[in-house]
Amino acid sequence: MVMAVVMTMFMHALNVVAFYFMAQGLPGEAPSLAIHLFFVPLGLVSMTIPLPGEALGAFEFIMDYFYAHAGAANVIGQGLLIALTYRVMRMLVAAVGVSFYLNGRREVEQILADGNEASSAPGQNAVAASH
């Protein structure tokens, strides 16, 4: 249980660092890592609320609001840009996962087919019936 909490905290810290690096890589002045530690988890919680904010998702609206009020107001929409960059990164990671799933699915289907062929081979039913 404790290890699960530690791993969860580590993953959330990695999310914060990812947002920080995205903010550093985009135009404009980025808030400090300490400020990211405060508002990125709050923004990620907003992803669970399916309410629109000015035709944007709640996450994008909240992140744009936080960045505008955290000293990143010199570039209008920086929070929105960072939120959309995060969404694109998530889609790219998911695409990698889908490719592994599809390749693994073919492999599992082949193993199941080989298992079905082996179980229907002559002499196998007599062995299975004796157990």
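Arginine 87 forms a salt bridge with glutamate 60, and the closest N and O atoms of the pair are 2.7 Å apart; a salt bridge is taken as a side-chain nitrogen of Lys or Arg within 4 Å of a carboxyl oxygen of Asp or Glu. Because arginine 87 lies in helix H4 (residues 78-119) and glutamate 60 in helix H3, the pair ties together parts that are 27 residues apart in sequence. Arginine 87 is partly exposed, with a relative accessible area of 27%, whereas glutamate 60 counts as buried at 7% relative accessibility. Here, buried means under 20% relative accessible area, exposed over 50%, and partly exposed in between (1.4 Å probe, protein chains only).

The model is predicted, so that local features need pLDDT of at least 70 and side-chain atom pairs count only at pLDDT 80 or more, while totals for chains, interfaces and linings use all residues. Residues are numbered from 1 along each chain as its sequence is written, and side-chain values use heavy atoms, with hydrogens and water left out.

The structure holds 2 salt bridges. Besides the pair described above, glutamate 109 forms a salt bridge with arginine 105, with 3.6 Å between the closest N and O atoms. Glutamate 109 and arginine 105 are 4 residues apart in helix H4 and are therefore separated by about one helical turn. Glutamate 109 is partly exposed, at a relative accessible area of 46%, and arginine 105 is likewise partly exposed, at 40%.

The protein chain has 5 helices and 0 strands, where helices (H or I, at least four residues) and strands (E, at least two) are DSSP runs numbered from the N terminus. Of the 131 residues of the protein chain, 21% count as buried.

Helix H2 (residues 33-45) and helix H3 (residues 58-68) pack at an angle of about 160°, with their axes 9 Å apart. Axes are lines fitted to C-alpha atoms, for helices over the stretch in contact, and angles run from 0 to 180 degrees between N-to-C directions. H2 and H3 are therefore roughly antiparallel to each other, a term applied to angles over 145 degrees. The contact (heavy atoms within 4.5 Å) is made by His36, Phe39, Val40, Leu42, Gly43 and Leu44 of H2 and by Phe59, Ile62, Met63, Phe66 and Tyr67 of H3. By class, the contact of H2 with H3 comprises 9 nonpolar, 2 polar and no charged residues; Ala, Val, Leu, Ile, Met, Phe, Trp, Tyr, Cys and Pro count as nonpolar, Asp, Glu, Lys and Arg as charged, and the others, Gly among them, as polar.

Methods. Angles under 35 degrees count as roughly parallel, over 145 as roughly antiparallel, 65 to 115 as roughly perpendicular and the rest as oblique.
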